[in-house]
Protein chains: 2
Amino acid sequence: MDPPEFSISHDPAALPDQLQAIFRSRFCSVGVVKTAFDELRSRLAEVVDLAKSAEILRWDEQVMMPARGAPARAEQLATLNRVTHETFTSPEIGRLLDQLADFEREHDYDSFEASLIRVTRRDWEKERKVPSSLRAAMSRAATLNYPIWVRARERDDFDSFLPALRESLELKREYVACFEGDYEEPYDALLDDYEPGMRTAHVRETFEYLKAHQAPLIGELGRREPRKPPEPRRFPLEEQRRFELDVVRRFGFDDSSWRLDPTVHPFARRGSTQDIRITTRYFEDKLDGLFATMHEFGHGLYEHQVDPALERTPLASGVSLGLHESQSRMWENLVGRSLPFWRFFFPRLKERFPEAFGGTSAEDWYREVNAVAPSLIRVEADEATYNLHIILRFELEQELLAGSFPLEQLREEWDRRMWEYLGIEVPDAASGVLQDMHWSIGAIGYFSTYALGNLISAQIWEKVHEDVPDLDEQFEQGEFGALREWLGAHLHRYGRKFTPAETLERVTGSPRIDPEPYVRYLRRKLGEIYGQPVGSG
Amino acid sequence: MDPPEFSISHDPAALPDQLQAIFRSRFCSVGVVKTAFDELRSRLAEVVDLAKSAEILRWDEQVMMPARGAPARAEQLATLNRVTHETFTSPEIGRLLDQLADFEREHDYDSFEASLIRVTRRDWEKERKVPSSLRAAMSRAATLNYPIWVRARERDDFDSFLPALRESLELKREYVACFEGDYEEPYDALLDDYEPGMRTAHVRETFEYLKAHQAPLIGELGRREPRKPPEPRRFPLEEQRRFELDVVRRFGFDDSSWRLDPTVHPFARRGSTQDIRITTRYFEDKLDGLFATMHEFGHGLYEHQVDPALERTPLASGVSLGLHESQSRMWENLVGRSLPFWRFFFPRLKERFPEAFGGTSAEDWYREVNAVAPSLIRVEADEATYNLHIILRFELEQELLAGSFPLEQLREEWDRRMWEYLGIEVPDAASGVLQDMHWSIGAIGYFSTYALGNLISAQIWEKVHEDVPDLDEQFEQGEFGALREWLGAHLHRYGRKFTPAETLERVTGSPRIDPEPYVRYLRRKLGEIYGQPVGSG
């Protein structure tokens with residue numbers, strides 16, 4: 001146990017070998033005059049250290065912490081976040097950025113130096129535009145309104161959530177006002193938080209294409225014979241875990257840099273590019289946990305393959321939520337719901353769960369995990385219907401921000417669109433307008449990135465297949481190294497050096513998110529599964 | 001996965017319910033004028049939040065982190081420690097302490113307010129007396145010299161460790177010089193870091209008593225018939241874990257506030273009084289892990305039972321290493337190596353490991369786990385010989401600090417005392433003078449607290465038995481609640497409100513560490529085990 005002092009330096013049990021590295025880097029430069037760039041780097045390194053510390057503590061909170069540790073942990077995270085934010089937004093960082101203007105021009109746009117300064121300046125200026133009183137009010141509203149949403153959903157009581165939603169929206173309008181003149185329309189300011197540089201107009205145009213070309217596919221499938229649901233099956237949890245590890249180890253998960261743990265809501269976190277933690281959940285009667293694991297693996301791999309030279313800088317991270325989601329959806333769906341994948345893994349799955357899969361073939365199972373059925377809940381939606389859930393939210397969010405209808409009417413607006421886009425009647429608010437927590441914490445503008453991620457995944461997928469034509473054959477052999485390495489070399493290694501659009505251009509040749517590859521992909525796959533061409537129009 | 005921003009506020013998956021608490025406490029006071037005391041409290045709360053964050057990250061590093069996460073984690077911990085130290089030693093804290101001098105006098109010595117100010121002032125003044133350049137040099141030396149010690153021990157090469165040890169000693173002398181006039185002798189300044197208020201003269205006198213009264217016991221036992229070692233046994237690890245949980249759950253471990261995990265070197269850490277993490281290690285052929293678990297339980301229980309009203313203050317912690325060790329040794333030895341304990345648990349142990357304990361009785365096992373045999377290695381020493389290992393180090397440390405002999409001679413000085421105190425010949429430096437890591441990281445003055453902990457445990461033990469005369473009968477029934485509650489009410493709840501001596505006085509009626517109860521305890525126990533009175537003199 002620690003000595004009672006705050007410092008750790010006295011505790012013999014606490015001193016790890018590798019501390020050496022830091023102290024060398026920290027003290028061997030004593031007496032050397034630091035350049036402004038070194039100074040910027042070392043301040044940013046501290047910001048990153050604090051942010052990553054908080055990230056591991058959040059992982060711990062959700063995966064390891066005894067339940068009664070929660071109140072103290074909440075305080076610890078709040079303090080860490082405050083210190084991180086203060087360290088980053090200090091005027092000293094601004095002074096260094098000013099001093100470094102010439103230095104930045106002297107370096108190539110692509111260089112580490114110019115990229116670090118450019119990205120830091122953008123982050124810093126955006127943070128500084130928002131008064132800290134407004135940031136505090138937003139945080140406060142988020143934390144107070146979240147439990148109100150939890151209760152409203154539990155009780156299926158939409159009206160009790162209205163005051164919280166009204167406050168969230170008012171704060172978001174104040175937030176948008178901080179960026180007067182920076183954007184073409186108000187919603188842009190919100191999108192930009194999650195998908196930097198993305199504009200509402202482009203998302204709108206993209207989603208109109210999906211409404212015209214993706215929605216009809218579902219209508220068409222809806223008229224076909226529904227599949228017979230399989231017999232109830234049992235999947236012992238320990239065997240599920242073993243199977244998942246078999247899968248992700250072939251993808252590139254290794255114990256020296258990764259962990260996989262069970263949790264309630266799956267997520268991924270990282271302490272560094274070499275400390276990646278993914279989580280999943282298990283059900284006794286279905287293999288949803290496997291798909292969650294592959295999804296989180298995709299997020300983890302993006303962070304894992306960022307160029308190690310960017311470590312301890314704000315560049316060492318995936319560049320946007322859309323790009324990130326493209327990676328998780330790729331491993332979950334384009335790989336994990338593909339026939340070549342199951343040609344390799346299904347015999348192994350059957351071996352582990354012989355009773356569950358007695359008379360089932362790889363092809364049967366492939367059809368089963370790709371079955372299309374419009375449903376109420378976004379997080380349970382299949383590939384063919386998922387984007388429509390997002391489009392609905394994207395449209396409503398803009399109308400909410402603009403105040404296009406009285407807030408009391410939101411529920412009807414939701415239900416009407418569910419019928420229009422998915423042909424579904426919403427029985428209650430809990431499985432309708434109250435299903436997601438995002439609005440309760442003011443995360444408005446976030447949803448779009450899920451659909452954008454789907455679209456980007458297919459754009460990248462076409463490109464990978466051009467470069468690696470025998471990818472399917474490799475999957476059938478259980479080989480995923482070529483895909484992993486391609487993604488590392490063409491996308492992951494850049495981290496946040498470039499904007500999302502610049503990054504996408506480096507990967508696919510075009511800076512624009514394009515919905516066509518995704519619709520092509522869906523048509524081909526659904527045609528295969530439903531035995532005839534679908535939506536050939 | 002996180003959005004790329006540093007803030008967490010945008011990540012819907014990251015927002016835990018309980019964050020509510022903080023924001024309420026943080027924002028509901030907006031507009032209210034804070035008193036100096038509130039201001040001090042809130043600054044200290046941040047210091048504690050940062051320190052506890054680091055503590056959980058160290059737990060994570062040793063128990064959960066993938067191996068390749070180490071370099072980044074080292075940086076994160078260094079940053080956290082630096083920020084913690086800067087926040088605590090800021091001149092603002094000193095200014096608040098000055099402002100609060102009258103406020104402190106207006107409050108009872110025992111009050112929360114006066115205690116917080118008094119303890120903070122002592123910590124702050126001690127920290128401020130040491131120039132940060134010296135602190136940095138000490139940290140640097142610790143981290144650079146630790147791996148040198150590892151290598152020296154591996155290669156059994158004492159000479160290669162000498163330059164590192166010389167540097168440690170020189171820095172310690174500089175450190176001592178910062179406290180000119182505060183102490184009676186130089187070694188006092190070092191002791192005070194681990195056992196605040198303890199003086200070398202008192203430890204010396206105490207240890208002289210042990211040399212006169214404890215050492216002879218061993219000589220006497222050494223002349224008796226050695227026990228036949230038991231047949232080799234196998235203890236499946238999962239069964240060990242289950243048995244340990246049976247034991248500590250009866251002690252007071254519960255899953256809502258505690259964790260038990262395997263590690264390499266057992267230790268205890270806490271995120272708060274309600275988030276206690278103990279670790280242990282398992283061997284296939286012996287039950288040492290059980291004793292490590294009970295030991296760490298004792299540390300954990302002390303932290304767990306600190307008054308929750310002290311949470312997020314520097315008072316929420318055990319008061320000294322000696323008092324802490326008294327608690328770990330009590331649960332490990334006075335409880336866990338007692339006959340009443342095994343009368344209850346041995347039948348359960350036998351049920352779990354029927355092959356290992358075929359012909360063994362509770363009494364046989366009790367004798368086995370209390371067998372006395374002088375040995376080379378401190379951490380493997382039994383209750384009867386342990387303190388002698390400490391006395392040897394205590395004496396050598398003072399001579400090292402004083403430069404009483406050339407450093408090259410240290411090895412011979414060590415070996416000579418091992419022969420004198422324990423009757424053992426030291427075959428090599430690795431199992432002699434190089435066995436402990438403490439000196440490599442400058443932890444000089446630390447060892448004494450291990451022996452002081454043993455002595456205090458027996459002092460408290462006598463007192464508990466006065467208040468709860470049927471404690472042994474309770475143990476025989478598997479009841480440990482009375483002991484746990486007594487310790488909570490008489491010791492744990494105080495945290496760091498009082499000095500170690502004041503705390504000891506509240507528990508036992510006397511502020512002095514007294515070696516007699518421990519020697520009495522040893523005599524009685526060894527007499528029981530070896531079948532006749534031992535050292536009746």
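**Helices and rings in chain B**

Trainee: Which residues in H17(B) meet Leu410(B), Glu413(B), Trp414(B), Arg417(B), Met418(B), Tyr421(B) and Leu422(B) in H18(B)?

Mentor: Please keep in mind that this is a predicted model. H17(B) covers residues 383–402 and H18(B) covers residues 410–422, and heavy atoms within 4.5 Å count as contact. On the H17(B) side, the residues that meet H18(B) are Thr385(B), Leu388(B), His389(B), Ile391(B), Leu392(B), Arg393(B), Glu395(B), Leu396(B), Glu399(B) and Leu400(B).

Trainee: How many charged residues does the contact of H17(B) with H18(B) have?

Mentor: Sorted by class, this contact has 10 nonpolar and 2 polar residues. Asp, Glu, Lys and Arg are the residues that count as charged, and in the contact of H17(B) with H18(B) their number is 5.

Trainee: At roughly what angle do the axes of H17(B) and H18(B) cross?

Mentor: The crossing of H17(B) past H18(B) is right-handed. The two axes come within 10 Å, and they cross at roughly 150 degrees.

Trainee: At about what angle do H10(B) and H19(B) pack?

Mentor: H10(B) spans residues 200–213 and H19(B) spans residues 448–467, and Val203(B), Thr206(B), Phe207(B) and Leu210(B) of H10(B) meet Ser448(B), Ala451(B), Leu452(B) and Leu455(B) of H19(B). The residues of this contact divide into 6 nonpolar, 2 polar and no charged. H10(B) passes H19(B) in a left-handed crossing, and with the axes 12 Å apart the helices pack at an angle of about 65 degrees.

Trainee: Over which ring does the charged end of Arg348(B) sit?

Mentor: Lys286(B) has its charged end over the ring of Phe283(B), 4.6 Å from the ring centre. For Arg348(B), the charged end is 3.7 Å from the centre of the ring it sits over, which belongs to Phe344(B).

Notes: Residues numbered from 1 in each chain as written. Chains lettered and ligands numbered in written order. Predicted model: local features only at pLDDT ≥ 70, side-chain atom pairs only at ≥ 80, totals over all residues. Heavy atoms only, no water. Lys NZ or Arg CZ within 6 Å of the ring centre and 35° of its normal. Axes fitted to C-alpha atoms, helices over the stretch in contact; angles between N-to-C directions. Helix = DSSP H or I, 4+ residues; strand = E, 2+ residues; numbered from the N terminus. Left-handed = near helix turned anticlockwise from the far one by under 90°.
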